[in-house]
Amino acid sequence: HNWVMATGNPGKVRELNRLLSPLNVNLRVQSEFDVPEAAETGTTFVENAIIKARNACEATGLPAVADDSGLVVPNLGGAPGVISSRYAGEKAGDDENVRKLLRELVKTDDKERQAKFVCVMVMMRHANDPTPIITQGEWFGSIAHERQGNGGFGYDPVFWVSEYNCTAAELSAEVKNRISHRGKATQKLIGKLEPEFG
Ligand code: ITT
């Protein structure tokens, strides 16, 4: 079986390749195909994940797995939320997004810096699949006062993981995958898929 990962984010691709390896499928990356950029017009992670999965199915004719994820900070009204990848603007990269987050939280105490990562995964067998498989994982932590570590991607250098006394960017890929929002969503997805594709 060929499946396409409906993402253009290399950090996600790296993690998903490992996480989905128990499935008996051949994972392809979206960049191998002519997949037009999906308009992420949803207000929820679920809506955007469905939009991306359907878009990749339509363009490739293959089953697709999409991941819509982001960081939620209650003290910022849930920001950056579904716009996590463009928090500091349409063309902003990880660096600028992290800088904006630190600026928004300047002079806050630890309780005001609580945060969670959210990941919704959607698997669609084809573009008109009436029963897509949808799972969600969350990872609770807090926002550090400055960057620490070089691993991972996105907001990892400022996502403080108290159980390990370090940021997500200082965890090994293996540990991050075991405890992260993406890891949890993927475990649930695999559980639901194994009867069909295991
Ligand atoms: P695709 O839509 O192509 O998958 P994207 O990066 O635009 O790529 P999202 O819209 O789902 O994906 O945005 C997710 C953003 O949330 C991502 O760019 C990071 O900034 C952040 N994020 C998600 N998971 C993360 C993780 O494990 N570590 C750090 N940041 C993460």
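Asp-68 counts as buried because it has 27 C-beta neighbours inside 10 Å. The cut-offs are these: a residue is buried if 20 or more other C-beta atoms lie within 10 Å of its own, exposed if 12 or fewer, and partly exposed in between, with C-beta atoms placed from the backbone.

Before going on, two notes on the model. This is a predicted model, in which local features need pLDDT of at least 70 and side-chain atom pairs count only at pLDDT 80 or more, while totals for chains, interfaces and linings use all residues. Residues are numbered from 1 along each chain as its sequence is written.

Where is Asp-68 placed? Asp-68 is in strand β3. Strands here are DSSP runs of E, at least two residues, and helices are runs of H or I, at least four residues, numbered from the N terminus. Strand β3 covers residues 64-72, and eight of its nine residues are buried.

Now the partners of β3. Strands pair if DSSP finds at least two bridges between them. Strand β1, residues 2-5, runs parallel to β3 and is joined to β3 by two bridges. In that pairing, Met-5 stands opposite Val-65. Strand β4, residues 114-124, runs antiparallel to β3, with nine bridges between them. There, Asp-68 stands opposite Val-120.

Which residues does Asp-68 touch, not counting residues up to four places away in sequence? They are Phe-45, Asn-48, Ala-49, Lys-52 and Val-120. Contact means that the C-beta atoms, placed from the backbone, lie within 7 Å.

As for records, an unreviewed UniProt entry lists Asp-68 under "active site". The unreviewed entry's "binding site" annotation also covers Asp-68. UniProt positions are given in the numbering used here, feature names are shortened, and annotations may be inferred rather than shown by experiment.

**Val-25 in a loop**

Val-25 is in the loop between α1 (10-19) and β2 (26-29). With 17 other C-beta atoms within 10 Å, Val-25 is partly exposed. Leaving aside neighbours within four places in sequence, Val-25 is in contact with His-1, Trp-3 and Phe-197. Val-25 and His-1 are 24 residues apart in sequence, and their C-alpha atoms are 5.0 Å apart in space.

Note on methods:
Two residues are in contact if their C-beta atoms, placed from the backbone, lie within 7 Å.
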